[in-house]
Amino acid sequence: MSASKKQKAEHYVEIDGEKYDSSLVDLAKRLKDAKKLDKDDAIKLWEDAKDGPGVTDTERKTLTYLLTKYTFTAKAEAFLRERTEVQSSGKEYYLTLEDGTKVDRELWDEIQLLAKDGKIDLADAKKIWESALDGNKVTKTEMATMQKALDTITFTQGAKDFLEAQMSLSK
């Protein structure tokens, strides 16, 4: 096995048939020490998840798994859940933001989750675009939602270029 393949294989651990980030699992084991994991521990786990260009789906899934495996204080659990789960902003289909912009609520909530690590990277932008294509057509409100995100959230240059190109092709 080549060094790069071995390193990639060691990056994940399989538990009950699911693939998890081994670094996060190891860190949680070290932090536990027979106590509840507190907010400082949760912050360490979140920072470890942000080790690359963005928090991956596997890292989010691992953090969610760790919330079920270990005992966390209420503040620590709330901190991680806020960063790993889509927080619904309500039940209506549309959301009107403070500036009056009408956005697709579900898409906006997903964008907010993806931005929790500080920026939207190319992989995140591709997820956003796939979500906008949920009905095989991007609606005017979904376009406005993505434009609002581009105007107000930090995107990597590649992510911004990708999303702007997809939006211009769909007009």
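Which helix does Gln112 lie in? Hi everyone, let me start there: Gln112 lies in helix α6. Helices here are DSSP runs of H or I with at least four residues, strands are runs of E with at least two, and both are numbered from the N terminus.

Some housekeeping first. This is a predicted model, so please keep in mind that local features need pLDDT of at least 70 and side-chain atom pairs count only at pLDDT 80 or more, while totals for chains, interfaces and linings use all residues. Residues are numbered from 1 along each chain as its sequence is written, and side-chain values use heavy atoms, with hydrogens and water left out.

Now the overview. The protein has 9 helices and 4 strands, and along the sequence they follow the pattern α-β-β-α-α-α-α-β-β-α-α-α-α. The C-alpha trace spans about 55 × 45 × 25 Å along its principal axes. Of the 171 residues, 40% count as buried; buried is under 20% relative accessible area, exposed is over 50%, and partly exposed is in between, using a 1.4 Å probe and protein chains only. As for contacts, meaning heavy atoms within 4.5 Å, 56% of those between residues at least 6 apart in sequence join residues at least 24 apart.

Let's go to the aromatic residues. How many aromatic pairs does a search of the whole structure find? The search finds 2. Rings of Phe, Tyr and Trp (its six-membered ring) pair if their centres lie within 6.5 Å, and planes under 30 degrees apart are stacked, over 60 edge-to-face, and the rest tilted. Tyr20 and Tyr65 make a stacked pair, 4.4 Å centre to centre with 25° between the planes. This pair links distant parts of the chain, 45 residues apart: Tyr20 is in strand β2 (residues 18-21) and Tyr65 is in helix α4 (residues 57-69). Is Tyr20 buried or exposed? Tyr20 counts as buried because its relative accessibility is 8%, and Tyr65 is buried too, at 16%. The other pair, Tyr93 with Tyr94, is edge-to-face, 4.8 Å centre to centre and 90° between the planes. At 37% relative accessibility, Tyr94 counts as partly exposed.

The charged end of Lys61 sits over the Tyr20 ring, 5.4 Å from its centre. For that label, NZ of Lys or CZ of Arg has to be within 6 Å of the ring centre and within 35 degrees of the ring normal. Thr58, in helix α4, touches Tyr12, Lys19, Tyr20 and Asp21, leaving aside residues up to four places away in sequence. Thr58 is itself buried, with a relative accessible area of 17%.

On to helix packing. Helix α3 (residues 39-49) and α4 pack at an angle of about 160°, with their axes 10 Å apart. Those axes are lines fitted to C-alpha atoms, for helices over the stretch in contact, and angles run from 0 to 180 degrees between N-to-C directions. So α3 and α4 are roughly antiparallel to each other; the cut-offs are under 35 degrees for roughly parallel, over 145 for roughly antiparallel, 65 to 115 for roughly perpendicular, and oblique for the rest. α3 passes α4 in a right-handed crossing. A crossing is right-handed if the near helix is turned clockwise from the far one by less than a right angle, and left-handed if anticlockwise. On the α3 side, Leu45, Trp46, Asp48 and Ala49 meet Glu59, Arg60, Leu63 and Leu66 in α4.

Back to α6, where we began. α6 and helix α7 (residues 122-132) pack at about 170°, axes 10 Å apart, which means α6 is roughly antiparallel to α7. Leu107, Glu110, Ile111 and Leu114 of α6 make the contact with Asp124, Lys127, Ile128, Ser131 and Ala132 of α7. Also in α6 (residues 105-114) is Glu106, exposed at 65% relative accessible area. Gln112 counts as partly exposed, at 32%.

Last stop: helix α8 (residues 140-152) and helix α9 (residues 157-169) pack at about 155°, with axes 11 Å apart. That makes α8 roughly antiparallel to α9, and the crossing is left-handed. Here Met143, Met146, Gln147 and Leu150 in α8 meet Lys160, Leu163, Glu164 and Met167 in α9.
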